[in-house]
Amino acid sequence: MKKFAFIGAGSFSFTRTIVRDLLTYPAFFDCELSLMDIDAEKLDAIAAAVRKIVSEMKSPAKVTA
């Protein structure tokens, strides 16, 4: 399983866009997405958004924050 670490994941627009793009590649469809940010509120918000994207794309990707 491939793992991507997003340091500063609280950048809402960038993180959502890159996650959508990554999950369109078959090699990354079941990856692990590790989200990190020093702002806990932003981290919680982006984690929820990324989990929603993963769900909508019916991907088995794992999201950790």
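This is a predicted model: local features need pLDDT of at least 70, side-chain atom pairs count only at pLDDT 80 or more; totals for chains, interfaces and linings use all residues.
A polar contact is a pair of N or O atoms within 3.5 Å; within protein, one must be able to donate a hydrogen and the other to accept it, and residues adjacent in sequence count only if both atoms are side-chain atoms. Residues are numbered from 1 along each chain as its sequence is written, and side-chain values use heavy atoms, with hydrogens and water left out.

**Helix α2**

- Helix α2 covers residues 40–56; helices are DSSP runs of H or I of at least four residues, strands are E runs of at least two, and both are numbered from the N terminus.
- Its buried residues (under 20% relative accessible area, 1.4 Å probe, protein chains only) include Leu43, Ile46, Ala47 and Val50.
- Among the elements covering the buried residues of α2 are α1 (12–23) and β2 (32–36).
- At the start of α2, a side-chain oxygen of Asp39 comes within 3.0 Å of the backbone nitrogen of Glu41.
- Lys58, which follows α2, has a positive phi, near 55°.

**Two buried loop residues**

- Cys31 sits in the loop between α1 and β2, and is buried at a relative accessible area of 0%.
- Leaving out residues up to four places away in sequence, Cys31 is in contact (heavy atoms within 4.5 Å) with residues including Met1, Phe4 and Ala61.
- Ser59, in the loop between α2 and β3, is buried at 11%.
- Beyond its neighbours within four places in sequence, Ser59 touches Leu23, Phe29 and Val54.

Note on methods: The expected span of a helix is 1.5 Å times one less than its number of residues. Buried means under 20% relative accessible area, exposed over 50%, partly exposed in between (1.4 Å probe, protein chains only).
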